[in-house]
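Here is a briefing on one protein chain. Look over the sequence and the model, then read the points by topic.

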Amino acid sequence: MKVTIIIAIICLCLLNQYTDARRGRGRGRTKSRVQIGLPITGKYRDPESDQYYNNHNGAKITLASHFDYEYVLGHKIAFLCVAKGNPRPHITWFKDGVEIFTHIYMHVHEWRIGKDRMKSKIEIDPATQMDAGVYECTADNMYAIDRRSFKTDFSIAFD
């Protein structure tokens, strides 16, 4: 009987320590990366994954337009995206998650720069209320994908 009581007390003590940790106490000791199974030096568990995902030849956007852009109705909107990588990355434009294609009021211009860079510019002229939204530039090659987003909204110019 005494053994059963001692075991019950030990279980209650362990349970109390567990619930204290769940309530936020003692959390300072669990921040170590080793305890949660992540490597100390990087994001990936093995060198092959790290080399694949952090490939220096992967597509990387090096220059992009400002994130938040307010345009005047009836004027031109222009976004710029420059990416590098080997092989040269391909740049694709999206608006509100849907791929954009050239039409009468929207033009996409692309320039190849050297052997490993691509410059792309999208122009909308004249801009309407329907052109407000989130635009995204995506650069990709066989090693990586990089993205930048641009939020736009319109303002009305009073003369």
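Buried means under 20% relative accessible area, exposed means over 50%, and partly exposed lies in between, with a 1.4 Å probe and protein chains only. By that cut-off, Cys81 and Cys137 are both buried. This is a predicted model: local features need pLDDT of at least 70, side-chain atom pairs count only at pLDDT 80 or more, and totals for chains, interfaces and linings use all residues. Residues are numbered from 1 along each chain as its sequence is written, and side-chain values use heavy atoms, with hydrogens and water left out.

**Overall make-up**

- The chain holds 2 helices and 9 strands. Both terms refer to DSSP runs numbered from the N terminus: helices are H or I with at least four residues, strands are E with at least two.
- Read from the N terminus, the elements run α-α-β-β-β-β-β-β-β-β-β.
- The chain has 159 residues, and 23% of them are buried.
- Contact means heavy atoms within 4.5 Å. Among contacts with a separation of 6 or more, 60% join residues 24 or more positions apart.

**Disulfide**

- A disulfide is counted when two cysteine sulfur atoms lie within 2.5 Å. That rule gives a count of 1 disulfide.
- The bond joins Cys81 and Cys137, with the sulfur atoms 1.8 Å apart.
- This pair links distant parts of the chain: Cys81 sits in strand β3 (residues 77-84) and Cys137 in strand β8 (residues 133-140), 56 residues apart.
- The link of Cys81 and Cys137 is left-handed, at -70° about the S-S bond.
- In general, a disulfide is a covalent bond between the sulfur atoms of two cysteines.

- Two strands pair if DSSP finds at least two bridges between them. An open sheet of 4 strands runs in the order β1-β3-β7-β6, with antiparallel pairing.
- β1 (60-64) and β6 (106-113) are the edge strands; each has a single partner strand, so one side of each lacks a neighbour in the sheet.
- From one strand to the next, the twist averages 20°. Axes here are lines fitted to C-alpha atoms, for helices over the stretch in contact, and angles run from 0 to 180 degrees between N-to-C directions.
- β3 and β7 pair in the antiparallel sense over 8 bridges. Phe79 has Ile122 in β7 as its bridge partner.

**Nonpolar core**

- A nonpolar core is a set of buried Ala, Val, Leu, Ile, Met, Phe, Trp, Tyr and Cys residues joined through side-chain atoms within 4.5 Å.
- The largest one has 20 residues, and Phe79, Ile91, Trp93 and Cys137 touch the most other members.
- At least two residues of this core come from each of β3, β4 (90-95), β7 and β8. β3 gives the most, with 4 residues.
- Beyond its neighbours within four places in sequence, Ile91 is in contact with residues including Cys81, Met118, Cys137 and Thr138.

**Aromatic pairs**

- Rings of Phe, Tyr and Trp (its six-membered ring) pair if their centres lie within 6.5 Å; planes under 30 degrees apart are stacked, over 60 edge-to-face, and the rest tilted. The whole structure has 5 aromatic pairs.
- The rings of Tyr69 and Phe79 have centres 5.7 Å apart and planes at 65°, so this pair is edge-to-face. Tyr69 is in strand β2 (residues 68-72) and Phe79 in strand β3, 10 residues apart.
- Tyr69 is partly exposed, with a relative accessible area of 28%. Phe79 is buried, at 1%.
- Phe79 and Tyr135 have ring centres 5.1 Å apart and planes at 35°, so the pair is tilted. Phe79 lies in β3 and Tyr135 in β8, so the pair ties together parts 56 residues apart in sequence.
- Ring pairs link Tyr69, Phe79, Trp93, Tyr135 and Phe150 into a cluster.

- Thr138 belongs to strand β8. Thr138 is buried, with a relative accessible area of 7%. Not counting residues up to four places away in sequence, Thr138 touches His90, Ile91, Thr92, Phe94, Ile145, Asp146 and Arg147.
- Asp131 lies in the loop between β7 (117-124) and β8. Asp131 is buried, with a relative accessible area of 11%.
- Leaving aside neighbours within four places in sequence, Asp131 is in contact with Tyr71, Ile77, Lys95, Ile124, Pro126 and Thr152.
- Asp131 and Asp153 are 22 residues apart in sequence and 8.0 Å apart in space, C-alpha to C-alpha.
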